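My notes are below, in the order I took them.

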Amino acid sequence: MSAKISETLTFECETGNYHTFCPISCVSWLYQKIEDSFFLVVGTKTCGYFLQNTLGVMIFAEPRYAMAELEEGDISAQLNDYEELKRLCIRIKKDRDPNVIIWIGTCTTEIIKMDLEGMAPKLESEIGIPIIVARANGLDHAFTQGEDTVLAAMAHRCLEQRLFVRERNGTIQKFPPPLEKEGEFIEYGDHPSLALFGSLPSNVASQLSPELRRQSVKVSGWLPAQRYTHLPSLGNGVYVCGINPFLSRTATTLVRRERCRLIGAPFPIGPDGTRAWIEKICPVFDIETQGLEEREKQIWESLKDYISLVHGKSVFFMGDNLLEISLARFLIRCGMIVYEIGIPYMDKRYQAAELALLRDTCIKMCVPIPRIVEKPDNYNQLRRIRELQPDLAITGMAHADPLEARGMNTKWSVEFTFAQIHGFANARNVLELVTRPLRCNDNLEDLGRTTLVK
């Protein structure tokens, strides 16, 4: 007689710090996404070394970011910060002529109470370029939350849409008009505007929008847009939906400050997550989904070769990029055993739909719901890893080599951050990353057996 499997999510919180990359690394993908932007990171030489090492591979591409290094005189308040930043921004305007300059505040600017928010409006009026201030410091934020602070600050610059009146079903409703592109003749539902928030490569964003278009849902814009001048109009009556689990501050800003209506949905990672994401959006606009079950089934069929490799294998998430819940849910659906989900920060309200889908997935697959550990203590985690001996540990870069030296298969969680993993079409990329260390280990074992035979 089998024991009853618990159907309740278990949350724990340890005393570990954010054992993650510094959040100023968000510059590496945001400057590529917002093509008419320039990022100015205000910090010390340590911040400069970090950026140089993490982004140095792009030095010949003339990236649109720079480092404003604070010297001892700045830290001791002996120099005029405003004049120095003004000099740099004037040079940026002359050399690159961006449509927006984004100041990234670091830990040092927090410690010395540097008034970036006070200086930015004055300088903006002087040089004639919008200046946005984002505090992406490692004191308060984990790795991917750097993007969250930037998007939350950028949301304030989205103009409120002009409300118009339309008669529908005999009642008068007010909502912003959906945006139409020239030459677009697709039949959309008669619904309020929908803006999606979260930074994705343009080709991935262009895959998600058509998935909604198939259901007659019109996406009126993205935050961030490919160009700062193309930011979506936000305001009362506009619906918003996130595509990444680390954007809770942006979601809060959109609801409280911009008066938007948040659609709480799982995140479009994996065929199951993408289907659930669409199924949460469509009913909000009184649209009945069409063909989603068949669409999801086709993707699962195409993943059979990878699923056969991971089925029955175990995985342990140490916690790094806040994608852990979504990735664990998808891997459980693929037949993997997840021992623990470590996550640096958990906003249960913003991730409520994703957590519910995780619970439902575990019940459907008849497996125990894994423990969820917020702010995990790495020493305790390493002890649990030694006891559990998982087939794979998904971890930050700092712990990969020590675990590998102890015979553990590992995968850098940062690779999932930069890989294209959203939507139906990219589910295969997630399993490619997960199975790579497992396949490598199997190949080495086969090589060892071949050598012994010879």
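**Entry 1. Whole chain**

I note at the start that this is a predicted model. I looked up the secondary structure and got 18 helices and 16 strands for the protein chain. The chain has 454 residues, and 54% of them count as buried. I then checked the contacts with a separation of 6 or more, and 75% of these are between residues 24 or more positions apart.

**Entry 2. Nonpolar cores**

Which residues touch the most other members of the largest nonpolar core? They are Phe 39, Ile 104, Leu 194 and Trp 277, in a core of 105 residues. Another core, of 20 residues, lies apart from that one and includes Leu 40, Leu 70, Leu 123 and Ile 131.

I took Leu 194 for a closer look. Leaving out residues up to four places away in sequence, Leu 194 touches Leu 212, Tyr 239, Ile 263, Ile 281 and Phe 285, among others.

**Entry 3. Ile 127**

I found Ile 127 in helix α6, which covers residues 116-127. Is Ile 127 buried or exposed? Its relative accessible area is 7%, and the cut-off for buried is under 20%, so Ile 127 is buried. Beyond residues up to four places away in sequence, Ile 127 touches Cys 89, Ile 90, Lys 93 and Ile 101. I looked up the spacing to one of these: Ile 127 and Lys 93 are 34 residues apart in sequence, with their C-alpha atoms 8.2 Å apart in space.

**Entry 4. α10 with α11**

I compared directions for this pair. The axes of α10 and α11 cross at roughly 165° and come within 9 Å. Angles over 145 degrees count as roughly antiparallel, and α10 and α11 are therefore roughly antiparallel to each other. The crossing of α10 past α11 is right-handed. On the α10 side I listed Pro 271, Asp 272, Arg 275, Ile 278 and Glu 279, which meet Leu 292, Glu 293, Glu 296, Ile 299 and Trp 300 in α11. By class, this contact of α10 with α11 has five nonpolar and five charged residues, and no polar ones.

**Entry 5. Glu 279**

Glu 279 sits in helix α10. I put Glu 279 down as partly exposed, because its relative accessible area is 31%. Not counting residues up to four places away in sequence, Glu 279 touches Thr 289 and Leu 292. Glu 279 and Ala 265 are 14 residues apart along the chain, and 8.5 Å separates their C-alpha atoms.

**Entry 6. α10 with α13**

α10 also packs against α13, at an angle of about 115° and with the axes 8 Å apart. Gly 270, Pro 271, Asp 272 and Gly 273 in α10 meet Arg 329, Phe 330 and Arg 333 in α13. I sorted the contact of α10 with α13 by class and have two nonpolar, two polar and three charged residues.

**Entry 7. α13 with α14**

What is the angle between α13 and α14? Helix α13 (residues 324-333) and helix α14 (residues 352-365) pack at about 20°, and their axes are 9 Å apart. The pair is therefore roughly parallel. α13 passes α14 in a left-handed crossing. From α13 the contact takes in Ile 325, Ser 326, Arg 329, Ile 332 and Arg 333. From α14 I listed Glu 354, Leu 355, Leu 357, Leu 358, Thr 361, Cys 362, Lys 364 and Met 365. By class, the contact of α13 with α14 has seven nonpolar, two polar and four charged residues.

**Entry 8. Backbone spots**

I found a cis peptide bond between Leu 223 and Pro 224, with omega about 5°. Pro 224 is in the loop between β9 (221-223) and β10 (239-242).

Asp 97 is not a glycine, yet it has a positive phi of about 45°. Asp 97 is in the loop between α4 (81-96) and β4 (100-105), and counts as exposed at 55% relative accessibility.

Asp 286 also is not a glycine and has a positive phi, of about 55°. I placed Asp 286 in the loop between α10 (270-281) and α11 (292-302). With a relative accessible area of 65%, Asp 286 is exposed.

Conventions. Residues are numbered from 1 along each chain as its sequence is written. This is a predicted model: local features need pLDDT of at least 70, side-chain atom pairs count only at pLDDT 80 or more; totals for chains, interfaces and linings use all residues. Side-chain values use heavy atoms; hydrogens and water are left out. Axes are lines fitted to C-alpha atoms, for helices over the stretch in contact, and angles run from 0 to 180 degrees between N-to-C directions. Helices (H or I, at least four residues) and strands (E, at least two) are DSSP runs, numbered from the N terminus. Angles under 35 degrees count as roughly parallel, over 145 as roughly antiparallel, 65 to 115 as roughly perpendicular and the rest as oblique. A crossing is left-handed if the near helix is turned anticlockwise from the far one by less than a right angle, and right-handed if clockwise. Contact means heavy atoms within 4.5 Å. Ala, Val, Leu, Ile, Met, Phe, Trp, Tyr, Cys and Pro count as nonpolar, Asp, Glu, Lys and Arg as charged, and the others, Gly among them, as polar. A nonpolar core is a set of buried Ala, Val, Leu, Ile, Met, Phe, Trp, Tyr and Cys residues joined through side-chain atoms within 4.5 Å. Buried means under 20% relative accessible area, exposed over 50%, partly exposed in between (1.4 Å probe, protein chains only).
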